Amino acid sequence: MRVDYIAEYDRSNPLSIEVYSQKMVGKTFREICEEDDARQSLVLRGENTDYGTSDMSVTKRNKGNLGQIVEEKFFHYACNSDARADFPEAGVELKVTPYRMNQDGSLSAKERLVLTMIDYFQVVNEKFEESHLWNKSKLILLVYYLYMKDIKYNLDYKIGYSRLFTPPEQDVKIIRHDYYIIVSKIQAGKAHELSEGDTLYLGAAPKAATSKDRRKQPFSEELAKPRAFAFKSSYMTYVLNNYIVSGKVTYEPIIAEDAVDSFEDYVMEKINRFQGYSVEELCGALNVDMQKKPKSLEAILAFRMLGIKGNHAEEFEKASVVVKSVRIGKNDKIKESMSFPAFRFKEIVKEEWEDSKFGNYLRETRFLFVVYKFDKDDVLRLRGCQFWNIPYGDLETDVKSVWQRTKQVLQEGLQVRQVNGVCRNNFPKASENPVCHVRPHAQNAQDTYELPDGRQYPKQCFWLNNTYIYQQIDDDIKVDQNCRL
């Protein structure tokens with residue numbers, strides 16, 4: 001038996017729900033359970049309740065259980081699978097989600113925010129404004145709890161914030177565009193090729209009990225991974241720092257006032273206005289001091305072309321867009337391969353590919369390639385830009401094989417030998433794979449990480465091959481154009 005309380009909030013009023021939710025802030029989930037159990041006991045005279053702080057409750061590691069606790073132990077409504085929002089009278093969806101406090105004191109979302117499962121057969125017939133997704137995301141009560149690695153039981157996580165959130169108008173335009181990108185891929189019979197890197201704020205996130213789970217799709221016989229619509233972790237980090245936590249400094253927006261239909265088209269148009277300019281001419285036009293030779297000059301120029309004074313743009317931070325400058329030589333080749341952050345040897349051997357740090361980075365990241373080329377007089381000029389994310393097939397074949405080989409090498413013991421005075425190892429080489437390889441990413445021989453066998457070895461990272469990057473550049477950017485646009 002369970003006692004129903006006289007409503008302490010108006011279930012039809014979003015603001016009333018938000019105000020009532022503030023009573024959770026500063027409390028752990030255990031405290032919420034104990035307070036509710038104590039109130040029940042006053043009436044039931046000690047009769048057992050649904051959760052309490054029993055052994056089952058404190059040892060259960062399913063974070064979804066935390067959302068159920070908030071629903072039933074705090075808001076006092078039964079958890080259900082209703083397709084409507086959690087508070088249907090108010091149109092409010094409840095989401096309980098973790099955040100981290102980083103070493104520098106900054107805050108970041110721990111993970112993406114899953115909104116609703118994608119029904120491949122239903123979504124292809126839904127308009128965004130009438131979709132199940134929009135019903136679940138247009139007004140959300142975000143309950144953020146602080147994730148701490150050393151806390152043993154989920155019940156002991158503490159709630160830090162609880163606020164209503166509605167995506168602002170310009171975000172909605174991008175979310176809508178993302179939605180139709182995902183839907184169009186399903187309509188093309190490519191649900192099995194969906195990737196979070198396809199889109200900006202809204203992703204099609206894997207959502208399966210095991211890596212082998214598959215389901216049918218409407219326009220192909222190929223089985224696809226179960227996926228859910230989700231706000232990317234980068235977007236949720238921005239939401240936390242700029243919409244939930246007050247007083248935070250925001251990044252500059254690329255689109256300051258006027259709403260646009262396609263964010264990516266808008267970005268490319270702004271950069272392509274300078275097509276044909278030399279780096280020196282760009283520095284003069286954009287007031288960048290070339291004499292100081294700043295690191296990543298070409299990437300800095302890209303931000304200036306977009307009207308950004310710093311090196312961070314609001315929309316890029318929300319969407320996990322990474323700006324990469326690419327230099328093409330007079331010989332139509334790219335000299336440098338593209339590097340990524342150094343990996344820790346002892347971490348990779350504990351990972352599985354489906355949830356590996358490098359695999360997830362490529363799955364979730366969208367790149368803006370800003371392409372420059374040396375002309376016949378050896379002058380470096382802007383050729384254009386393009387958005388890019390790694391194709392599903394390349395990621396799940398060539399990159400996966402390099403990652404698996406790297407893990408195998410570390411598990412079996414890295415082999416190191418001297419060849420003509422040069423230190424060589426048996427990590428995958430660029431000559432062995434058309435897409436990816438491993439090589440050093442250390443400042444010097446003393447810049448090391450510990451190997452699984454205890455030896456220290458210079459830091460390494462994954463690189464996308466220069467020949468592969470060249471293949472990914474659009475042909476209309478590679479072709480010579482003698483005039484500025």
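# A chat about strands, helices and salt bridges

User: Hi! Let's start with a loop: where does Asp378 lie?

Analyst: Asp378 lies in the loop between β12 (366-374) and β13 (380-388). Those labels come from DSSP runs numbered from the N terminus: helices are H or I runs of at least four residues, and strands are E runs of at least two. Before we go on, this is a predicted model, in which local features need pLDDT of at least 70 and side-chain atom pairs count only at pLDDT 80 or more, while totals for chains, interfaces and linings use all residues. Residues are numbered from 1 along each chain as its sequence is written, and side-chain values use heavy atoms, with hydrogens and water left out.

User: Thanks! What phi does Asp378 have?

Analyst: Asp378 has a positive phi of about 65 degrees, although it is not a glycine. Most residues other than glycine have a negative phi.

User: And what about the phi of His76?

Analyst: His76 also isn't a glycine, and its phi is positive, at about 60 degrees. You'll find His76 in the loop between α4 (64-74) and β1 (93-101).

User: Is His76 buried or exposed?

Analyst: His76 is buried, with a relative accessible area of 18%. Buried means under 20% relative accessible area, exposed means over 50%, and partly exposed is in between (1.4 Å probe, protein chains only).

User: OK, new topic. How many residues of helix α11 are buried?

Analyst: Eight of the nine residues in helix α11 (residues 297-305) are buried, so the helix is mostly covered. Among them are Leu297, Ile300, Leu301 and Phe303, and Glu298 is on the list of buried residues too.

User: What do the buried residues of α11 pack against?

Analyst: They pack against the helices α9 (263-272), α10 (279-285) and α12 (314-319), and against the strands β10 (321-328), β12 and β13. Contact here means heavy atoms within 4.5 Å. Just after α11 comes Gly307, with a positive phi of about 85 degrees.

User: Which strand does β6 pair with?

Analyst: β6 pairs with strand β9 (residues 227-231) in the antiparallel sense, over five bridges. Two strands pair if DSSP finds at least two bridges between them. In this pairing, Pro206 stands opposite Arg227 in β9.

User: Why is β6 largely enclosed?

Analyst: Four of the five residues of β6 (residues 202-206) are buried, so the rest of the structure largely encloses this strand.

User: Which strands form the open sheet?

Analyst: The order is β11-β19-β16, and the pairing is antiparallel. β11 (338-339) and β16 (436-440) stand at the edges with a single partner strand each, so one side of each has no neighbour in the sheet. Helix α15 (residues 392-412) packs on the sheet and touches β16 and β19. The direction of α15 makes about 40 degrees with that of β16; axes are lines fitted to C-alpha atoms, for helices over the stretch in contact, and angles run from 0 to 180 degrees between N-to-C directions.

User: How many bridges are there between β11 and β19?

Analyst: Two bridges, in the antiparallel sense, with β19 covering residues 460-464. Met338 stands opposite Leu464 in β19.

User: How many salt bridges, then?

Analyst: The structure holds 27 of them. A salt bridge is a side-chain nitrogen of Lys or Arg within 4 Å of a carboxyl oxygen of Asp or Glu. One of them joins Asp171 and Lys318, with the closest N and O atoms 2.7 Å apart. This pair links distant parts of the chain, 147 residues apart: Asp171 is in helix α7 (residues 169-187) and Lys318 is in helix α12. Both Asp171 and Lys318 are buried.

User: Which residue forms a salt bridge with Lys346?

Analyst: That's Glu450, with the closest N and O atoms 3.7 Å apart. Lys346 sits in helix α13 (residues 345-348) and Glu450 in strand β17 (residues 448-450), 104 residues apart. Lys346 is partly exposed at 37% relative accessibility, and Glu450 is partly exposed at 34%.

User: Which residues do salt bridges join into one network?

Analyst: Asp36, Asp37 and Lys73, through salt bridges that share partners.
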